[in-house]
Amino acid sequence: VDEPSSLRHRIAATADRFDGRLAAELITAATAAQDDGALQLAADHLLAAARVDTDVRRADRAIFQAVELLLLAGDVFGAQAHASAVAARADSPYRRYTLALLATPSGQFARCAAELQSIAESVSPSQDPVLFGRSAAALAFISAMLGDDEASIRWAWRAREIAGAVDTVDTMARQALAWSYAKTGRFSDALPLLADCSRPGVRPAAFETELVTIRGVVRNWSGQYLDALEDLRTVVSWVQLGYPTTDVCNVYASMAEADFHTGDWSGAATHAELAISLAEDLEHGWYVPYARSVATHLYAARGDDRFAATHADAAREAAGAGTSVEAPAYAALAAGHRAWGRSDWPAVAAALRPMDERVGAVSADHPNLALWRYRLAEAYLMQGQLAAAGRLLDEAPPAPWGGTTQADRGRLTALLQHRAGHPDRASAVYVEALAAVAADSRSLADGLLAMDYGRFLIESRNRNAAIAPLRLARGVLTRLGAARFADTCEGMLSACGAVSAMSAPEGWPKLMQSLTAKEQVVAVMVADGMTNREVAADLYLSVKAIEYHLGNIFAKLGIRSRRELRAAFLDAPGASTPRRARAYP
């Protein structure tokens, strides 16, 4: 029987005996599987080799490497299942390295970093390039997660100096470098590190899923949303074909954020739900606060305080578990988003003021958190604290850092000038910022800019001039399904004596109101024409689970068929284009 089937038969035949020759063949097969990107298979071969090997030291190395590969594949459960076996091995630097890696899924990043640094500083790169390279690269990555980007960059470059001798080192070092360069605003340094990664339709090389994931995230941070979505969808397609990534939860959370900024709010809801459920199922808890913050922003913008409150509370609970250094900041931003959606300005200030007071001690300038200064500045403006608001706007990194736009800055700058008693300056800022807004925009920031300009004109007793920007705002906000904001526009248009050219967006949010978050996601996907099997595959659920959710959806909406569901959803204002036009390759 040809390999690899023969290996399985021979492993079974060894029973409780040892076979050094078979172990050597298994290690060779593991190397080939790893080079092919099949990390789970490589780990299986190494675990089998460790069980049958006559060479104790080689068996130790095999189990250590297997655990590392399982972690790289994102299989936290699989890796932790062998933690006791690792701990039972004789003490060695490789054992210490593996135990340090096993501490990361529970969020013990500081402990892991201290141990990795101790190992790296005690090992000579010339004598043991494998252990030094892996320790340095892992330390670079953990340092980036801890927010120590300069240490991350320093260790990543040290790892890359000997990367040719080690298989996984260059991948992890490039990840850390790109991550830290991007977090510190050096996008022009980050993206060239990832320029040679594959495009859609190309089979990934070993560990390439990780690199394309980072590139997608970095493009998201730099405002290149369509390119980011292309990368992230490519990673999802690879994952569905069996090529793993440790960052699958981050992939979906980043997709949700990119969807939000490009105006695909149905896609954003789907991907945020996936990010959260996968992070909880896989125990990748360090991604939960970020995904919850994205979801809170979405539902606050939609005017759905029920779901915004649910996600904000869950973000706070996840942050309490100490899963990452940014977790408390994500929870604060989520609370700020929720209060902002209700125009509860004292609550916005209460949630985000600690970020302002502890700049430097928190991840205040992480790209995923960029909106906190704009949210807090708006709260201060609404409460008459103009100097504090102006300072925050001056300190905010320039757009498009972390999803911010010129419309965000222009709107708040104009509002500041207006509140400071400079209406001419405010008008000039509004006009300049609005010149970049397209009539068919799907940007929330554009819609809010046009709406506030209309409000400014009304307050300046120029109601006729206010009609055009208010109609522009209403169109943008209605397309997005931002019900509360669109209703505000409608009210101001009525106050101007303008005849409504379109109905307020009541259907879509009202339709969603009776459904849970998971049911909303399933309903949209089925309404877009996907089969139960396709929905199940995309959501990592069973077909029976989809049937169960669909039964609840039909009962709550009082409908009996998929056709009625499609008519109800896609005919409602705020409905998006069919999912099939925007889904994975």
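The sulfur of Cys 489 lies 11 Å from the closest cysteine sulfur, which belongs to Cys 496, and that is too far for a bond. A disulfide would need the two sulfur atoms within 2.5 Å. The model described here is a predicted one. Cys 489 is also buried, at 0% relative accessibility.

The structure as a whole holds 0 disulfides.

Cys 249 leads on to a pair of helices, as it is one of the H15 residues that touch H16. H15 covers residues 248-262 and H16 covers residues 265-281; their axes are 7 Å apart and meet at an angle of about 160 degrees. Because angles over 145 degrees count as roughly antiparallel, H15 is described as roughly antiparallel to H16. Their crossing is left-handed. On the H15 side the contact includes Val 248, Tyr 252, Met 255 and Phe 260, and on the H16 side Trp 265, His 271, Leu 274 and Leu 278 are among the residues involved. Sorted by class, this contact has 14 nonpolar, 2 polar and 1 charged residues.

The crossing of H25 and H26 is left-handed. From H25, the residues in contact include Leu 444, Met 451, Tyr 453, Arg 455 and Ile 458. They meet a set in H26 that includes Arg 463, Pro 469, Leu 472, Val 476 and Leu 480. The contact of H25 with H26 divides into 15 nonpolar, 2 polar and 2 charged residues.

A last stop is Ala 120, which sits in helix H8, residues 109-122. With a relative accessible area of 2%, Ala 120 is buried, because the cut-off for that class is under 20%. Leaving aside residues up to four places away in sequence, Ala 120 touches Phe 132, Ser 135 and Trp 155. Ala 137 is 17 residues from Ala 120 in sequence, and the C-alpha atoms of the two are 9.6 Å apart in space.

Technical notes. Residues numbered from 1 in each chain as written. Predicted model: local features only at pLDDT ≥ 70, side-chain atom pairs only at ≥ 80, totals over all residues. Heavy atoms only, no water. Helix = DSSP H or I, 4+ residues; strand = E, 2+ residues; numbered from the N terminus. Buried < 20%, exposed > 50% of the residue type's maximum accessible area, 1.4 Å probe, protein only. Contact = heavy atoms within 4.5 Å. Axes fitted to C-alpha atoms, helices over the stretch in contact; angles between N-to-C directions. Parallel < 35°, antiparallel > 145°, perpendicular 65-115°, else oblique. Left-handed = near helix turned anticlockwise from the far one by under 90°. Nonpolar A, V, L, I, M, F, W, Y, C, P; charged D, E, K, R; others polar.
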